[in-house]
Amino acid sequence: ISPPIAYKINDELSVGAGFNYVTGTATIKRVVSDPFDPHAKVTLDLSAKGYGFSAGAIYKITKEISVGASYRNSVKLDAKGTANFDPARTTYPIGDAGASLELPATAFVGVAYKPIENLEVEADYQYIGWSSYDKLVVEFKKDGSITESPKNYRNTYILRFGGEYTMGDFQFRAGYLLDRTPVKAKYVEPLLPDANRSGANLGVGYKFNEMFSADVAYMFLKFDQRKVTGTVENFDGTYNQSANLIGINIGIHY
């Protein structure tokens with residue numbers, strides 16, 4: 001949840017800043033290493049929240065060309081929840097559990113160009129500090145035991161290209177992106193089988209009046225097929241995946 005505030009300093013320069021409230025839940029199910037029961041499992045139900053900020057600026061070089069930049073800081077999520085085992089042996093650390101995750105900082109730089117009155121095209125570069133995710137540590141409160149999974153993500157980037165055409169109170173949008181994976185081959189696993197990906201999106205916006213507007217967008221992401229061997233978690237194999245994303249935005253203008 002990111003309520004921003006923007007201010008137009010003059011006809012060329014606008015700045016903005018926002019407070020970010022991040023919340024999420026996760027359920028992780030894994031086999032337990034138990035020599036007496038190869039079918040033993042653990043289910044972790046966790047939830048977390050964190051806080052951060054973002055800031056940016058847009059500068060119009062000419063009437064047709066503008067450049068922008070923005071930054072969103074890293075947010076640490078301290079997750080809390082419960083661990084349930086099947087079977088529920090008394091020797092297992094059943095009960096309270098916790099984990100932490102540091103979401104990456106991101107930075108954007110973009111250039112927009114208006115070749116005609118109602119059409120604007122744009123190209124963006126996004127840097128993502130994924131090296132903040134070096135390991136996943138889960139702590140079981142009952143006995144203080146921990147499990148640790150190395151991740152060692154690398155910093156990466158995304159390239160985006162898009163356009164917007166205005167027709168009356170409507171804005172029609174389309175775009176394409178190239179996203180490089182932060183996951184090194186030897187750390188690929190089913191928990192997050194990431195790979196280089198490309199995406200295409202369509203969107204439409206509508207301005208109800210001078211104060212209210214709404215936007216809806218759809219994106220299809222296609223991940224490259226990834227074949228890995230010699231993985232740290234012994235999850236060698238060939239991975240294929242795709243994703244469908246939907247976004248809705250409501251704007252209030254003063």
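Me: What makes the largest nonpolar core a core, and which of its residues touch the most other members?

Reply: In this predicted model, a nonpolar core is a set of buried residues of kinds such as Ala, Val, Leu and Phe, joined through side-chain atoms within 4.5 Å. The largest such set has 17 residues, and Val32, Leu44, Ala83, Phe85 and Phe140 touch the most other members. Two or more residues are given to this core by each of β3 (41–60), β5 (75–86), β6 (95–103) and β9 (135–140), and the largest share, five residues, comes from β5. In soluble globular proteins, nonpolar side chains tend to be buried together.

Me: Which residues does Leu44 touch, once those up to four places away in sequence are not counted?

Reply: Contact means heavy atoms within 4.5 Å, and by that rule Leu44 touches Ala26, Thr27, Ile28, Thr82, Ala83, Ala97, Val138 and Phe140. There is also a second, separate core of eight residues, which includes Tyr133, Leu136, Val228 and Tyr239.

Me: How do you know that β5 pairs with β3 and with β6?

Reply: Two strands pair if there are at least two bridges between them. β3 and β5 have seven bridges and pair in the antiparallel sense, with Thr43 standing opposite Asn84 in β5. β5 and β6 have nine bridges, also in the antiparallel sense, and here Lys80 has Gly98 in β6 as its bridge partner.

Me: Why is Lys151 called buried?

Reply: The relative accessibility of Lys151 is 3%, and buried means under 20%, so Lys151 counts as buried. Lys151 lies in the loop between β10 (146–150) and β11 (156–167). Leaving out residues up to four places away in sequence, Lys151 touches Tyr133, Asp134, Lys135, Leu136, Tyr187, Glu189 and Leu191; among them, Tyr133 and Leu136 are included in the second core.

Me: Why does Arg197 count as buried?

Reply: At 16% relative accessibility, Arg197 falls under the limit of 20%, and therefore Arg197 counts as buried. Arg197 lies in strand β13 (residues 197–207) and, apart from neighbours within four places in sequence, is in contact with Leu177, Leu178, Asp179, Leu221, Lys222 and Phe223. One of these contacts, Phe223, is also the residue in β14 that Arg197 stands opposite.

Me: What makes β14 a partner of both β13 and β17?

Reply: At least two bridges are needed for a pair, and β14 (residues 212–223) has 11 bridges with β13, in the antiparallel sense. β13 and β14 form a hairpin, with four residues between them. Another 11 bridges join β14 to strand β17 (residues 242–252), and these two strands also run antiparallel; in β17, Ile252 is the bridge partner of Phe212.

Me: How many helices and strands does the chain have, and what share of its residues is buried?

Reply: The chain has zero helices and 17 strands, while buried residues make up 28% of its 254 residues. Its C-alpha atoms fill a box of roughly 70 × 35 × 30 Å along the principal axes, and the chain exposes about 15,900 Å², of which carbon and sulfur atoms supply 59%.

Definitions and conventions:
Residues are numbered from 1 along each chain as its sequence is written. This is a predicted model: local features need pLDDT of at least 70, side-chain atom pairs count only at pLDDT 80 or more; totals for chains, interfaces and linings use all residues. Side-chain values use heavy atoms; hydrogens and water are left out. Buried means under 20% relative accessible area, exposed over 50%, partly exposed in between (1.4 Å probe, protein chains only). Accessible areas come from the Shrake-Rupley method with a 1.4 Å probe; for residues, only the protein chains shown count as cover.
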